[in-house]
Amino acid sequence: MSKTKTHIKRNGACLLFALLFTGLCSARAHADALRVMEEKVGAVPEFILPLRGGQTVTFQTVNLSGGIDPVLHLWDITHGVEIGMDDNSGGKVASLRVIVPRIGNYALIVRQRNIISAGTTDILMDGNLFRRNVQVAGALHKYSGVAA
């Protein structure tokens, strides 16, 4: 094995150990886990939900703290695809309505619109209180050419 390959494997192992040791990697099995935590932007809450195929589901942010501008994403975690996203459909209130394509576990991800719009919100699911006082921060960064 060349020195370059050895160096890459060693650095990769160190990075994996650092992520596991600092808690930046999370187990998918933990519902309501904060999957993303970044020192400059904060928590990005994620809620795992079992949903039925053909089910229409609506999520809405309400009771926003001053300055917050939340964005909602719903991901099919089994197939790794986003099935819905909403930002500002009702002013600063996010309201996401989707028809679930198939039975499975889905992740509702709540993040802030930009780095200065963090705060708290309650989340409704189908008009009923789903979560209260959810702390929202985080930011969206798009990367191309990254393996799944």
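Which residue in β8 does F59 stand opposite? F59 stands opposite M125. The strands here are DSSP runs of E with at least two residues, helices are runs of H or I with at least four residues, and both are numbered from the N terminus.

## Basis of the model

This is a predicted model: local features need pLDDT of at least 70, side-chain atom pairs count only at pLDDT 80 or more, and totals for chains, interfaces and linings use all residues. Residues are numbered from 1 along each chain as its sequence is written, and side-chain values use heavy atoms, with hydrogens and water left out.

## Overall fold

The protein chain has one helix and nine strands. Along the sequence the pattern is α-β-β-β-β-β-β-β-β-β. Of the 148 residues, 34% are buried. Buried means under 20% relative accessible area, exposed means over 50%, and partly exposed lies in between (1.4 Å probe, protein chains only).

Contacts are heavy atoms within 4.5 Å. Among contacts with a separation of 6 or more, 63% link residues 24 or more positions apart. The accessible surface comes to about 9,400 Å², and carbon and sulfur atoms hold 57% of it. These areas come from the Shrake-Rupley method with a 1.4 Å probe; for residues, only the protein chains shown count as cover.

## The four-stranded sheet

Four strands form an open sheet in the order β6-β3-β8-β9, with antiparallel pairing. β6 and β9 stand at the edges with a single partner strand each, so one side of each is left without a neighbour in the sheet. The twist averages 20 degrees from one strand to the next. For such angles, axes are lines fitted to C-alpha atoms (for helices, over the stretch in contact), and values run from 0 to 180 degrees between N-to-C directions.

Two strands pair if DSSP finds at least two bridges between them. β3 and β8 pair in the antiparallel sense over four bridges. β8 and β9 are also antiparallel, over six bridges. Six of the seven residues of β8 are buried, so β8 is largely enclosed by the rest of the structure.

## The nonpolar core

A nonpolar core is a set of buried Ala, Val, Leu, Ile, Met, Phe, Trp, Tyr and Cys residues joined through side-chain atoms within 4.5 Å. The largest one has 20 residues. L51, V57, F59, L74, L108 and I123 have the most contacts inside it. At least two residues of this core come from each of β2 (42-51), β3 (56-62), β4 (70-76), β6 (95-99), β7 (104-112), β8 (119-125) and β9 (128-136).

Leaving aside neighbours within four places in sequence, F59 is in contact with L49, L72, L74, A94, S95, L96, L108, I123, L124 and M125.

D76 is found in strand β4. D76 is buried, with a relative accessible area of 2%. The side chains of D76 and H79 are joined by a polar contact of 3.0 Å. A polar contact is a pair of N or O atoms within 3.5 Å; within protein, one must be able to donate a hydrogen and the other to accept it, and residues adjacent in sequence count only if both atoms are side-chain atoms.

Beyond neighbours within four places in sequence, D76 is in contact with V81, I83, R102, N105 and Y106. D76 and R102 are 26 residues apart along the chain, and 8.9 Å separates their C-alpha atoms.

## Positive phi in two loops

N63 lies in the loop between β3 and β4. N63 is not a glycine, yet has a positive phi of about 55 degrees. At 59% relative accessibility, N63 counts as exposed.

β8 and β9 form a hairpin with two residues between them. D126 is in the turn, with a positive phi of about 55 degrees, although D126 is not a glycine. At 38% relative accessibility, D126 counts as partly exposed.
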